[in-house]
Amino acid sequence: MSHPQESHVPAPSGGSHEAPHDAEHFHCHTRLYVGVGVALLICTGLTVGISYIHFGSEAMNIFMGLLLATFKAALVAAIFMHLKGERKDIFRFMIPTMIFLFALIGLCILAIKDHIHF
Amino acid sequence: MEIPYTVKARPDTGLWNAKIGVWLFLASEVMLFGGLFSGYIFMRLGAEPGTWPHGLLNVPVGTLNTAILILSSVTVVFAWAALKMRNFRRYQLCMGTTIFCALLFLGIKLGYEWPVKFHHFGADIKRESLVKYEEYLGNEHREKEGLTPRLTISGYLIDEHGHTLHQADYERLRAEGAKEIRVKLDAANADPNNPKNDSPRFLPVPMSDKIATIATEDIQYASMYLPRRSSYFATYYTITGLHGIHVIGGIIVFIYFMLPVSARLYRKDPEHLANRVEVAGLFWHFVDLVWIFAFPIFYLL
Amino acid sequence: MDTQSHTAQPHPGHEHDDHHEPGFWGKYIFSTDHKWIGIQYGLTGLTFLFLGFCLMMLMRWQLAYPGEPLPFLGGLLSRIFPHEMPAGVMTPDFYNSLGAMHGTIMIFLGVVPISFGAFGNYVMPLQIGAPDMAFPKLNMASYWVYFIGGVLMLISFFVPGGAAKSGWTSYPPLSNISDTGPGFHFFWNGQTLWIISMVFLISSSLLGSVNFITTLVQLRAPGLTWMRLPFFCWAQMVTAYILLLAFPPLESAGFMQGMDRLFGTSFFNPTGLIVGGQALDVSGGGSPLLWQHLFWFLAHPEVYVLILPSMGIITEIIANNTRKPIWGYKAMVFAALTLGFLSFLVWAHHMYLTGMSTKVSAFFQTTTVIISIPSVIIITALLISLWGGSIRFNTQMLFAITFLPMFGIGGLTGLPLAFNALDLHLHDTYYIIGHFHYIVAPGSIFAIFAGVYHWYPKMTGRKMSEVLGHLHFWPSLIAMNGIFFPMLIQGMAGVHRRWYDGGATYSQIIEPVLHWNPVMSWFAWMLGAAQIFFIINVFLSIRTGKKASDNPWDATTLEWSTPTPPPHGNFTRPITVHRGPYEYSVPGAEKDFSPQADA
């Protein structure tokens, strides 16, 4: 099987040495990875930029910043970490994790904000 | 005795062992950083309005570091793709670049950002003494503009000769019962009524030459910008510090993947090495993910 | 659905050319074989369990006879701990250390390592027909990280100031300032060592959980579908899942408390804290409540970690010794899964007195009441499983049957605590101590004993003595009730936890129940004496126990289809599972049990 770029390391002798995926399959993925990388850099710039805009209240500023951060995180998780196209079980396993995370953070916030008054 | 499904996927689950293992580990890491971030939320929500600092970190440098980490995320996924395409030279190039970016990230953080803050001094003024230092705080102007009061005087702590002092010197001064301290002021304290100094700016403003004398009895709490300085810096150093430890862990693993032992594994069973690099890459992307949240939370918001 | 094409065990007689026989260090110290690692966890865990028990026996002297010198041991202890036990009399600080370390050691160094690390490691891969765990080297690492954590805890007794004194809950601000100041080393002090050790112990558990879940998902033998898994494995799976997700917030809190103690931060130091008449030199702005949230976020799921493996052990033993299938297996599985999920959402019922509003309190009261349901389902199913059984009263079955009512008392005494209004009266009293000890002592620990008696023949090839077993069981059962039932009474009368003199100072309020203190102490020492029979049995039976076949209890699960003791790689023939785990007394079958792997 010929590869588009020949490596100078001696060809592997044992195990599963044939490329299990088509080279083309990885080529278009390569373009996707570069694209996502560029998108992340742009979003980083955007995050910095919008932090100097006032959206009405401090809470709103924070919300906008975190919204962008969540979008970036979703890109990393879906494309770089192959969640999109991975076995659904892994994604499904992360759902309870996120539920517990939000329970921890949400209930803590509620406990601070809403307490009995002496 | 061989453990099955180390390299080849088990048919009914469609996964090989380490892939499940690393996602489980990442789930626990989500909870770990989640606990720390809930600490941040507690500190911030519990702080008196207006006391949560802004503009004390170098945003351009932080942005650069973010870009470096994102780039390293791209190169590590390229390294994995190169292995899957059986291009070992390209793999080495990409993995090497990843390690370089990671080291650069650490170097900037530990070699520049943190040391700069360790020498930066801040003194919180007691509420009842704020009026005395109005020329450095500009609170009349801030009240007119509807802004929260400025409670801190910051800059370099200096001695009579103008030499910059460090935390140990400050503590010695306190132990000796010094009645006053001298601070070479940050721009915001040197010119507090200037509207340009009302909120943080992207490019850091150079330090002024103005020197203020503060009576120690007027100080609520003061120190260099170390973890002890405030709950903001406590969470900043702890979260970025733990993140940095994870970066170091990643670097160690990536270096291992560049050693001859890994090249030997590639020759014997390249898919096995590809799987290992994928698993390490997943960890690395998680490290990037944490930074994607940590950067705006501490530097911007 | 499993396919038949991939086997989860080695081809018989298959030798790798690079497979060397490991030397002494590789075989006994740094073994990667799950069975030996399980035994390492078991021996270390039982030692710590015994040590934690001894700490409690010391405490019970002070509670029964406050201020009096300890007989016999007092002289010895006053030489080892001159500051803490001058002339054999216990100082209040030392009492606090004993209390904090008793809790910490029993939970994190005793019960969890034995239930999860020992039994889980040894039995689970065998029960699923696997050659070992998915990550053997990681398994070895997790044991040694636990070991280091344990050593640090032990060292903490001997540093200036002694071991941690702020309770196993380590609440700040006390835990922040405890063991600091002149006379203390900034690092080598009990409280700081406690935190460092906890970080090691938590990390060890995390490594273990990753291994357990991956192994259960990936290395089940062909034919072993999820609903054919022994309940023991389901219990271990949910336990691993809980450990994986609940421990990290405590680890993060541990880092934060470490930062507070070592770097002077104020994560948990509130503004304006005065210590010894002087304002503390910290920035303030911290929140003691943050620690409580993060601590209990772990510590509540932790109690299910303490009980689930035990329920698993009991289920195996009940099925085996009633010679009939478990009633309601499916319900038990779903109950265990629900328990695991819900356990993350109830934690603040430990914090009803921290000033939360009615909204937050209502949420946690609701989830807490709901979470009692899965436990009841499991216990009820086990109880019903006894009905119509042909019961063999061997020692493990005695422990298993009594587990049910003992856990029942523990669970039922927990129900009032779910309600804020009742908890206001009962919080931090001996009622709580009685409640949770009923669950862990004649609950979890009885299950551990049962497991030892049950699997000992598989590990060693010999049965333990039934006579010694009875001598161990009956006094233990009586003593457990003698210690913990009066606690419920004392608690309702208002006796607080952690009073170093058992309430003697408050005798004008609680005088009617004070007399229980010596009673409970004598039962505690009786319990200690009863364990001697167990210890003798464990060690003596290796030599003198009745020789056991590969399947001495005529059991159905896969661990009994291996040679005794199982070799490296566990199974000598390819395993395919043909039926469920509790096929006992199947109508029309030859024997009264049908092993899972038999064709």
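**Close-up views of a predicted three-chain complex**

In the interface of chain B and chain A, 59 residues of chain B are in contact with 59 residues of chain A. The structure shown is a predicted model, to which the predictor assigns an ipTM of 0.94 and a pTM of 0.93.

**Figure 1. The area buried between chain B and chain A amounts to about 5300 Å².** Carbon and sulfur atoms account for 76% of this area. On the side of chain B, the three residues B:Trp23, B:Met85 and B:Arg86 supply 13% of the area that chain B buries against chain A, more than any other three residues.

**Figure 2. A salt bridge joins the side chains of A:Glu58 and B:Arg44.** The N to O distance in this pair is 2.8 Å, and the count between chain B and chain A is one salt bridge. Three residue pairs are also found in polar contact across this interface, both residues of each pair being at pLDDT 80 or more. Several helices of chain B each supply at least two residues of the side that touches chain A: helix H1 (17-46), helix H2 (59-84), helix H3 (88-118), helix H9 (260-268) and helix H10 (270-300). By class, the side of chain B that touches chain A consists of 34 nonpolar, eleven polar and 14 charged residues.

**Figure 3. Chain C meets chain A through 18 residues of chain C and 14 residues of chain A.** Between them, chain C and chain A bury about 1500 Å², of which 84% lies on carbon and sulfur atoms.

**Figure 4. The side chains of C:Lys359 and A:Asp114 form a salt bridge at 2.9 Å, N to O.** The count between chain C and chain A is one salt bridge. Polar contact is found for three residue pairs across this interface, with both residues at pLDDT 80 or more. On the side of chain C that touches chain A, helix H8 (231-263), helix H9 (288-322) and helix H11 (358-386) of chain C each supply at least two residues. That side of chain C has 14 nonpolar residues, three polar residues and one charged residue.

**Figure 5. Helix H11 of chain C comprises 29 residues.** From its first C-alpha to its last, H11(C) reaches 43 Å, close to the 42 Å expected at 1.5 Å a residue. Just after H11(C), C:Gly388 adopts a positive phi of about 75 degrees.

**Figure 6. Residues 1-17 of chain C have pLDDT under 50.** For this segment the model has 39 contacts beyond four places in sequence. Over chain C, the mean pLDDT is 93, and 97% of the residues reach 70 or more.

Notes. Residues are numbered from 1 along each chain as its sequence is written. Chains are lettered from A and ligands numbered from 1 in the order in which they are written. Side-chain values use heavy atoms; hydrogens and water are left out. Contact means heavy atoms within 4.5 Å. Buried area is the accessible area (1.4 Å probe) that two parts lose on being put together, summed over both. A salt bridge is a side-chain nitrogen of Lys or Arg within 4 Å of a carboxyl oxygen of Asp or Glu. A polar contact is a pair of N or O atoms within 3.5 Å; within protein, one must be able to donate a hydrogen and the other to accept it, and residues adjacent in sequence count only if both atoms are side-chain atoms. Helices (H or I, at least four residues) and strands (E, at least two) are DSSP runs, numbered from the N terminus. Ala, Val, Leu, Ile, Met, Phe, Trp, Tyr, Cys and Pro count as nonpolar, Asp, Glu, Lys and Arg as charged, and the others, Gly among them, as polar. pLDDT is the predictor's confidence in each residue, from 0 to 100. The expected span of a helix is 1.5 Å times one less than its number of residues.
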